[in-house]
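User: Hey, can you walk me through what holds this fold together?
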Amino acid sequence: MYSLKTRLVFYNRALTTLKSTNVVHVKRTLYLHRSPLFTRTDARWIVWRHSSSSVAATGEDTFLKWFLLLIPAATFGLGTWQVKRRQWKLQLIDDLTRLTAAEPIPLPVDPLELTGLEYRRVRARGRYQHDKELYVLPRSPVDPEKEAREAGRLSSSGETGANVVTPFHCTDLGITILVNRGYVPKQKIKPESRMKGQVEDEVDVVGVVRLTEPRKPFIPNNDPDRNRWHYRDLEAMSDVTGAQPMFIDADFASTIPGGPVGGQTRVTLRNEHMQYIITWYGLCATTAYMWYAKFIKKIKV
């Protein structure tokens, strides 16, 4: 009974205290106490949050603005690089063309001397050893104008055949070299189908020096046993024929009637740099305008 009276007195005092207190202040204090920011008023908390969001958004926009500017800058650099590459390619083609048209020099005896003479014209006199012919295939006849038109295509039209490589004993030098006599179509690969061109007499040959070449990707391996060659491996060809690792492409003037057609040196290199220049500079102009419209003129795109 005494305990019940004590509790009633306590509740009565607490109720009197609450009546004399500003309820609004109490509610606001309780609300703010649950706020994660522990600020004193709602207004100040709202203003602080709005300011922080604006600063964060401004920082993100600035980063995005300068980051996207890298796109037109990078494409401009790539376009300029392709301009330099095109100039280099044109100069290389011009140098090769001049070398293959220069006055021929005597063929050196030492194979090492040919290392720095690739695409240089040389001359020699001797006899072909037709019984040791090699066939590099498949090959198509060289037509520089046609190849320039078809540069960049995945495939080209036209006939295919083989290049006939024949050991050539140089009577004036006492050495045997390898001579790419030229192109023959499929039906003329066998020697008996072109006996008119299988001359036994001494002949003068003018040709272009060629060095050994590595096997390119997707190119089959050479098959010496079946006499099927797909790329110019001078060491292997020399082992089979007994010739020196010296190789020349006979020019068109050295063609023997009824035999392979000479002049099968390809000096037309792929030159697609103008297409790349237009592509990269076009992308640069487009992305630069979009960046200007978005961040300078404030146009929504």
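This is a predicted model: local features need pLDDT of at least 70, side-chain atom pairs count only at pLDDT 80 or more; totals for chains, interfaces and linings use all residues.

User: Which residues have the most contacts inside the largest nonpolar core?
Analyst: Leu107, Phe168, Ile177, Val179 and Val205, in a core of 17 residues. A core here is a set of buried (under 20% relative accessible area, 1.4 Å probe, protein chains only) Ala, Val, Leu, Ile, Met, Phe, Trp, Tyr and Cys residues joined through side-chain atoms within 4.5 Å.

User: And what does leucine 107 contact, leaving aside neighbours within four places in sequence?
Analyst: Its partners, with heavy atoms within 4.5 Å, include Val122, Cys170, Ile177 and Met246.

User: Switching topic: how many salt bridges does the structure hold?
Analyst: 11, each a side-chain nitrogen of Lys or Arg within 4 Å of a carboxyl oxygen of Asp or Glu. One of them pairs aspartate 249 with arginine 210 at 3.2 Å, N to O. Those two sit 39 residues apart, in strand 7 and strand 6 (strands are DSSP E runs of at least two residues, numbered from the N terminus).

User: Is aspartate 249 buried or exposed?
Analyst: Buried, because its relative accessibility is 3%. Arginine 210 counts as buried too, at 11%.

User: Which residues form a salt-bridge network?
Analyst: Arg125, Arg127, Glu202 and Asp204 are linked that way.

Notes. Residues are numbered from 1 along each chain as its sequence is written. Side-chain values use heavy atoms; hydrogens and water are left out. Buried means under 20% relative accessible area, exposed over 50%, partly exposed in between (1.4 Å probe, protein chains only). Helices (H or I, at least four residues) and strands (E, at least two) are DSSP runs, numbered from the N terminus.
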